[in-house]
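Subject: Handover of a structure

Dear colleague,

Please find below the structure that I am passing on to you.

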Amino acid sequence: MNVNLSSEFKEKYTNLLGDRAPKLFSAIETESENAFRINPLKPGYKTLTESLERPIEYTDIGFYGDIDGNSIDHLSGYIYSQEPSAMYVAEVLDAKPGETVLDLCAAPGSKTTHIASKMASEGLLVGNEINYKRAKVLSSNVERMGIRNTVVTNNSPKDFEKGFNNYFDKILVDAPCSGEGMFRKDPESVKYWSQEYVESCANRQKHIMDSAYKLLNNGGTFVYSTCTFSPEENEENIDYFLNKYPDMQIVEIKKYPGMEDGKPEWGNDNQNLTKALRMFPDQFNGEGHFICKMQKVGTAENTKSRELNSGMKKEDTQLFDKFIKQNLQENPYSNYLHIADYLYNPASLDSRFKKLHVLRNGLKLGEFKKNRFEPDIAMILAIEPKELKIIYDLSDDQFGKYLHGESVILEKQPDFNNKWIGLSYQNKLFSWGRYSNKEIKNVYPKGLRR
Ligand SMILES: C[S@@+](CC[C@H](N)C(=O)[O-])C[C@H]1O[C@@H](n2cnc3c(N)ncnc32)[C@H](O)[C@@H]1O
């Protein structure tokens with residue numbers, strides 16, 4: 001592999017690492033190892049085509065190996081591609097079912113989807129991304145993985161300060177950074193590197209951390225991570241933060257073989273930094289990462305409130321009830337949120353979200369059209385097969401054609417009274433199909449077709 005590290009970069013890390021620096025530079029030149037996570041939110045989640053023979057030691061749901069982005073396992077949200085080091089971040093945050101969690105810099109959603117799989121659809125997870133295009137990718141990954149308890153927002157961290165102070169039990173800031181730890185995965189990014197860029201990233205990170213501090217409840221946990229080596233964006237920033245907020249304390253992170261302590265000598269000699277964690281690719285089978293876990297002292301304040309007005313009109317309730325009666329065994333949803341023509345099973349009914357730019361609040365159930373309700377793909381990706389009245393499992397040929405956008409012609413007239421049927425391939429639900437007159441009409445979203 002050819003990663004053109006600049007002489008300025010090499011000089012900086014030779015000064016910082018001494019004899020070790022050449023080992024780091026040659027590790028950056030080697031191929032990185034791919035990995036993926038499996039998704040416990042899906043039924044039968046370990047029944048996969050991918051081999052689970054090489055588990056990653058520090059997570060129950062991570063495995064080394066390659067995946068195919070066009071496979072049913074990927075399209076139906078059973079797997080998520082993620083490099084191994086990054087998988088430790090959500091494990092360190094350790095979100096639990098029922099907690100209120102914020103992932104402040106969340107796109108494309110590797111950590112959000114990992115956190116959600118630890119919360120088992122209970123509690124509230126807010127995945128926020130400042131960049132609109134990236135927030136849409138985050139939202140589609142949340143959808144693909146069948147996550148129900150997540151609000152996806154597209155805001156700056158500061159926007160949350162108008163209403164969400166002391167709101168969250170756990171916050172992750174997986175900060176925008178100079179990306180030095182990803183050079184071998186993305187050799188193009190080397191071109192943007194300069195010491196000025198590192199310093200501008202460090203400055204931006206301080207602002208994001210200031211917001212995170214305000215949003216964190218007393219007693220809450222804050223995890224800060226980057227995929228860069230630079231002291232400025234890691235130990236120095238943590239030292240700055242701990243000095244500014246004396247009620248924040250570093251918590252020791254368990255280290256597995258190849259993981260190293262944070263470096264006090266890179267952070268104004270603050271000895272607590274040994275409790276933080278570093279992963280360097282010359283020692284660890286993954287990309288370069290830094291993780292620090294902190295806790296705010298004090299007793300949690302109750303800052304939650306609810307507004308239970310779903311906004312559903314009587315006619316729409318009737319249309320939705322009709323859809324449920326025809327197509328589902330029973331109604332699994334108890335809360336609703338009606339926005340424009342769309343119906344959601346919301347992750348939160350807290351009115352404070354009205355002040356934010358919300359892309360998705362919980363599970364998008366579908367859309368009201370003239371005299372009918374049309375279910376959304378998000379609903380099928382989050383449903384259990386036993387909840388549906390009819391499922392049709394496609395053959396290899398039918399699956400290929402359906403992904404292309406073609407309808408499925410059935411040989412015999414099946415006994416389907418239902419218009420909407422769950423479509424699966426290899427027994428994994430991945431889309432709705434609309435049945436009419438011996439044909440399953442293609443309703444696979446255009447943006448997902450291949
Ligand atoms: C390292 S990436 C996050 C990766 C993500 N956590 C994941 O695991 O998929 C950092 C994100 O921060 C966003 N970002 C950039 N500037 C920001 C700012 N000023 N405040 C908050 N987020 C910002 C970037 O758009 C980017 O998506």
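The domain assignment of the chain gives two segments: domain 1 covers residues 7-296, and domain 2 covers residues 390-450. Please bear in mind throughout that this is a predicted model. The C-alpha centres of domain 1 and domain 2 are 38 Å apart. Where the two domains meet, 5 residues of domain 1 are in contact with 6 residues of domain 2. On the domain 1 side, the residues that touch domain 2 comprise 3 nonpolar and 2 polar residues, with no charged ones.

As for the chain as a whole, its secondary structure amounts to 11 helices and 22 strands. The radius of gyration is 24 Å, close to the 22 Å that the globule rule gives for 450 residues, so the chain is as compact as a globular protein of that length. Along the principal axes, the C-alpha atoms fill a box of roughly 75 × 50 × 35 Å. Of the 450 residues in the chain, 45% are buried. When contacts between residues at least 6 apart in sequence are considered, 72% of them join residues at least 24 apart.

The ligand may be of particular interest to you. It is surrounded by 17 residues, of which Cys 105, Ser 110, Lys 111, Asp 174 and Pro 176 are the closest. Two or more residues of this shell come from each of helix H5 (110-119) and helix H7 (195-215). Sorted by class, the shell around the ligand contains 8 nonpolar, 4 polar and 5 charged residues.

In soluble globular proteins, nonpolar side chains tend to be buried together. In this model, the largest nonpolar core has 81 residues, and those with the most contacts inside it are Ile 171, Val 173, Ala 212 and Leu 215. Helix H7 gives the most to this core, contributing 7 residues. Which residues is Leu 215 in contact with, leaving aside its neighbours within four places in sequence? The partners of Leu 215 are Leu 102, Phe 160, Phe 164, Asn 165, Tyr 167, Phe 168 and Ile 171.

With kind regards

Definitions and conventions:
Residues numbered from 1 in each chain as written. Predicted model: local features only at pLDDT ≥ 70, side-chain atom pairs only at ≥ 80, totals over all residues. Helix = DSSP H or I, 4+ residues; strand = E, 2+ residues; numbered from the N terminus. Rg over C-alpha atoms; globule rule 2.2 N^0.38 Å. Buried ≥ 20, exposed ≤ 12 C-beta atoms within 10 Å, placed from the backbone. Contact = placed C-beta atoms within 7 Å. Near = placed C-beta within 6 Å. Nonpolar A, V, L, I, M, F, W, Y, C, P; charged D, E, K, R; others polar. Domains from an automatic or database assignment. Core = buried A, V, L, I, M, F, W, Y, C linked by C-beta atoms within 7 Å.
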